[in-house]
Amino acid sequence: MSIKGDSPQKYLIITFGCQMNEHDSEHISGLLEGIGYTPAEDQSDADIIVVNTCCVRESAENKVFGLLGRLGRLKKQNPGLILCLGGCMSQQEHMAPRIKQRFSYIDVVFGTYNTNQLPELIDRTLNSGKQVIEVWPANGGIVEDIPVKRRQRVRAWVSITYGCNNFCTYCIVPHVRGRERSRTPGDVGGELETLGREGYRDVTLLGQNVNSYGRDLGGAVDFADLLHMADGVAGIERIRFMTSHPRDFCDKLVEAVVNLPKVCEHIHLPVQAGSNAILQSMNRGYTREYYLGLVDKIKTAIPGVALTTDIMVGFPGETEAHFLDTLDLVRQVEYESAFTFVYNPRRGTPAAGMTDQVSDKVKSARIQELIELQNTITLQKNRAEVGRVLECLVEGTSRTNRELMGARTRTGKIVVYHGTPEQIGALLTLRVTGYSLTHLEGEVAAG
Ligand code: SAH
Ligand code: SF4
Ligand code: F3S
């Protein structure tokens, strides 16, 4: 029974994890709005709360467990509240029994392969009054045409592949997202055309390894071909993609970035580690020399390119010398910014069983050193932008200061400036006047 009488039922989605999960949550919004729910302001205002989880590191899981405890207390005050748990964490085999035992008040548990079933599962719990756990072990296909309600007005995410075949030895993603499946060029193209018509200007093509797009479709079309197709879509001004696996970043792709005007000079190229021994033990499929060669090739071919990365410290067997190799590589490449992680053993992955685990103390000292180095480089890079005049796409009001607007450079940096909401969606020429670790400051350039 709803305590809100005839007022519409409201939903809230709480998302953890990567862009792919964020985008899945946009589909969950679409599904919920399709059955009549409207967005809630906050937890206390919601009739249904969906938690879309991540399990890439233990810290992500712990956050979810903490949240579930709080939501349990909320449900005691509001017994009509429906709680749903989905995403990568619930996809793990050992999770369903645990949830049954510890979190019996969660109404619906679903996995990454049956998100589209959510309305039906909600119906089942409402009719039976019982907990419904439905996690499919795997799904060979792709479900198209799931409704979507996008959170942003100017930028949009478009999935091009699901799953991953790489099995890096530390990584849980292939275990919870399954084998790599590519959407057909027709389906991707159709979605891009719609986005262009709807006024989206900046699209990011998403996949765990976008560069291997199309391999499962018989090889007739590859990722560079897909970029060519995307570049021709009316209305869209900018195209980005992530994540690129260095091993599969071929010359044809470099050429596509060079030649296609809408494809931005922004490449996220996770390196993970700077020493060959660790790269090999991670099963990354490339060497330090190969990676640095690729970076040189990209920098030479694409002037002004912004490179960003993911780096991990404390992988099993990482010695001080291996770690110094990582620092040295970071100094050589000079990334604009980096996501830095402490290695965390994940159940069922080969690295979790490796005997030479690094102590927490060493890991935290290394991550500190790495973050300090990268911050110094990021600040230098951002300082070098001051005085430049850049084409920026206005996305909305600034997240940190509502008085200011936020616009994005082709290289993916945010520039905050004095402007008006009418400019949202417009391409403006901004002069950079200031910088910080996280963003640039600017003003509209005269003339
Ligand atoms: N497909 C992408 C990223 C997937 S997960 C890629 O290949 O780069 C995002 C990042 O989380 C990874 O790049 C990695 O740096 C980090 N990560 C994955 N598993 C991890 C683990 N077990 N411990 C710590 N960091 C991890
Ligand atoms: Fe994980 Fe490696 Fe696949 Fe990325 S490429 S999702 S790190 S297994
Ligand atoms: Fe993403 Fe986390 Fe799943 S990083 S794919 S939400 S395990």
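User: Which residue in β19 is the bridge partner of V415?

Analyst: This is a predicted model, in which local features need pLDDT of at least 70, side-chain atom pairs count only at pLDDT 80 or more, and totals for chains, interfaces and linings use all residues. Residues are numbered from 1 along each chain as its sequence is written, chains are lettered from A and ligands numbered from 1 in the order in which they are written, and side-chain values use heavy atoms, with hydrogens and water left out. Strand β17 (residues 414-417) and strand β19 (residues 440-444) pair in the parallel sense over 2 bridges, where strands are DSSP runs (E, at least two residues) numbered from the N terminus and pairing requires that DSSP finds at least two bridges between them. The β19 partner of V415 is L440.

User: In what sense do β16 and β17 pair, and which residue stands opposite M405 in β17?

Analyst: Strand β16 (residues 405-409) and β17 form a hairpin with 4 residues between them, and G412 in the turn has a positive phi of about 95°. The two strands pair over 4 bridges in the antiparallel sense, and the residue opposite M405 is Y417.

User: Which strands stand at the edges of the open sheet of 6 strands?

Analyst: The order of this sheet is β2-β1-β3-β4-β5-β6, with parallel pairing. Two of these strands have a single partner strand each, so one side of each is left without a neighbour in the sheet, and they are β2 (38-39) and β6 (132-134).

User: How do α7 and α8 pack, roughly parallel or roughly antiparallel?

Analyst: Helices here are DSSP runs (H or I, at least four residues), and their axes are lines fitted to C-alpha atoms over the stretch in contact, with angles running from 0 to 180 degrees between N-to-C directions. Helix α7 (residues 185-198) and helix α8 (residues 223-231) pack at an angle of about 30°, their axes being 10 Å apart. Because angles under 35 degrees count as roughly parallel, the arrangement of α7 with α8 is roughly parallel.

User: How many nonpolar residues does the shell around ligand 2 have?

Analyst: A residue is near a molecule if one of its heavy atoms lies within 4 Å of it, and the residues around ligand 2 include C164, F167, H245 and R284. Ala, Val, Leu, Ile, Met, Phe, Trp, Tyr, Cys and Pro count as nonpolar, Asp, Glu, Lys and Arg as charged, and the others, Gly among them, as polar. By these classes the shell has 1 charged and 3 polar residues, while the nonpolar ones number 7.

Conventions. Angles under 35 degrees count as roughly parallel, over 145 as roughly antiparallel, 65 to 115 as roughly perpendicular and the rest as oblique.
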